[in-house]
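User: I'm new to this structure and would like a quick tour. Can we go piece by piece?

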Amino acid sequence: MNAHQTLIVAEDNHRDRSFLIESLTPRQILVAENGMEALSLCAELNEPWVITDIQMPKINGIELARRVWESKPAARFLFWSQYDDEMYVRALAKIVPAETVYGYVLKNNSLAVLEKAVKAVFEECQCWIDPHVRPVQARAHKHATSISDIEFEVLIDLALGLTDNAIAERHYLSRRGVQNRLQSLYMKLGANAEGYTLCDSELINVRMRAVALALQRGLINPFELQKEEEKLTAWIKFQNSRA
């Protein structure tokens, strides 16, 4: 690592932030307590090097990286998170520029593993992906199980409790179009009801089953659903204003 290169640490949790600062000594460090603070610090550097949490107030670590990479594609990010959720892995895969390297390390690792990831990304200019995250990456890119963006949209709407008609109106689709996307989503999640029957009676609600399986896969989580809830509230308010 360049002795004069500053590392930006973006972490909203005080304990985790203190651990990172102590672990990274004697490197030069700038500290941000949320994504917006980190974004401001990145604006002051030509090629920022950033270690960031993913779930943070204001903007999360993925959105922070996306905004920085838009104007500074050579910036390097090491995502340090307690979550290996597929929703973050798939979101990240869509925004990483070809010009950079990045890393993803889970917080439950030892200090030695964290140092290994830091060294790979910032000293050796190599991508470093946590071994526990790699299977999630593989599943997210496998054709039979990977969820497309349009399928992900209807998954979010399912989790928010919207009807087919409401989903159609929200995304300017026909009802048949919504149902086609739902069927594809059910197949990829393994939520189709054929395997859940008893004496010619259905045992499950396929919509709820899809949400349950998506939660298990990490395609959705309560933190990000809260943000989607806010978007839904704004959409409903707008629709009512037009009525």
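User: Where does D130 sit?
Analyst: D130 lies in the loop between β6 (128-129) and α6 (134-141). Helices (H or I, at least four residues) and strands (E, at least two) are DSSP runs, numbered from the N terminus. This is a predicted model: local features need pLDDT of at least 70, side-chain atom pairs count only at pLDDT 80 or more, and totals for chains, interfaces and linings use all residues. Residues are numbered from 1 along each chain as its sequence is written, and side-chain values use heavy atoms, with hydrogens and water left out.

User: Which side chain of opposite charge is nearest to D130?
Analyst: R134, and that is 7.3 Å away. D130 is buried yet has no salt bridge. Buried means under 20% relative accessible area, exposed over 50%, partly exposed in between (1.4 Å probe, protein chains only). A salt bridge is a side-chain nitrogen of Lys or Arg within 4 Å of a carboxyl oxygen of Asp or Glu. For charge, Lys and Arg count as positive and Asp and Glu as negative; His and the chain ends are not counted.

User: What does D130 touch, then?
Analyst: Y104, V105, L106 and N109, not counting residues up to four places away in sequence. Contact here means heavy atoms within 4.5 Å. Also, a polar atom of the D130 side chain lies 2.9 Å from the backbone nitrogen of H132.

User: Switching topic. How many residues are in the largest nonpolar core?
Analyst: It has 55 residues. Those with the most contacts inside it are L64, W69, F77, F79, Y104 and L189. A second, separate core has 17 residues, including V9, W49, V118 and V121. A nonpolar core is a set of buried Ala, Val, Leu, Ile, Met, Phe, Trp, Tyr and Cys residues joined through side-chain atoms within 4.5 Å.

User: And the chain as a whole: how many helices and strands?
Analyst: Eleven helices and eight strands. Buried residues make up 48% of the 243 residues. The C-alpha trace spans about 65 × 45 × 35 Å along its principal axes.

User: Which residues of α8 are buried?
Analyst: In α8 (residues 164-171), they are D164, A166, I167, A168 and R170. Their cover includes α7 (149-159), α9 (175-189), α10 (206-217) and α11 (222-242).

User: Where else is phi positive in a residue other than glycine?
Analyst: K58 is one of them, with phi near 70 degrees. K58 is found in the loop between β3 (49-52) and α3 (61-71). At 62% relative accessibility, K58 is exposed.

User: Which residues does a cis peptide bond join?
Analyst: T25 and P26, with omega about 10 degrees. P26 lies in the loop between α1 (14-24) and β2 (29-32).

User: Now charges. How many salt bridges does the structure hold?
Analyst: It holds 18. One of them joins K107 and E11 (2.9 Å, N to O). K107 lies in the loop between β5 (102-106) and α5 (111-123) and E11 in the loop between β1 (7-10) and α1, so the pair ties together parts 96 residues apart in sequence. K107 and E11 are buried.

User: Which network includes K107?
Analyst: A network of salt bridges links E11, D16, D53 and K107.

User: What does R90 pair with?
Analyst: D149, in a salt bridge of 3.0 Å, N to O. R90 lies in helix α4 (residues 86-93) and D149 in helix α7, so this pair ties together parts 59 residues apart in sequence. R90 is buried at 10% relative accessibility, while D149 is partly exposed at 42%.

User: Last one: where is R66, and what does its side chain contact?
Analyst: R66 is in helix α3. Its side chain makes a polar contact with the side chain of E63 (2.6 Å). The R66 side chain also makes one with the side chain of E70 (2.6 Å). A polar contact is a pair of N or O atoms within 3.5 Å; within protein, one must be able to donate a hydrogen and the other to accept it, and residues adjacent in sequence count only if both atoms are side-chain atoms. R66 is partly exposed, at 31% relative accessibility.
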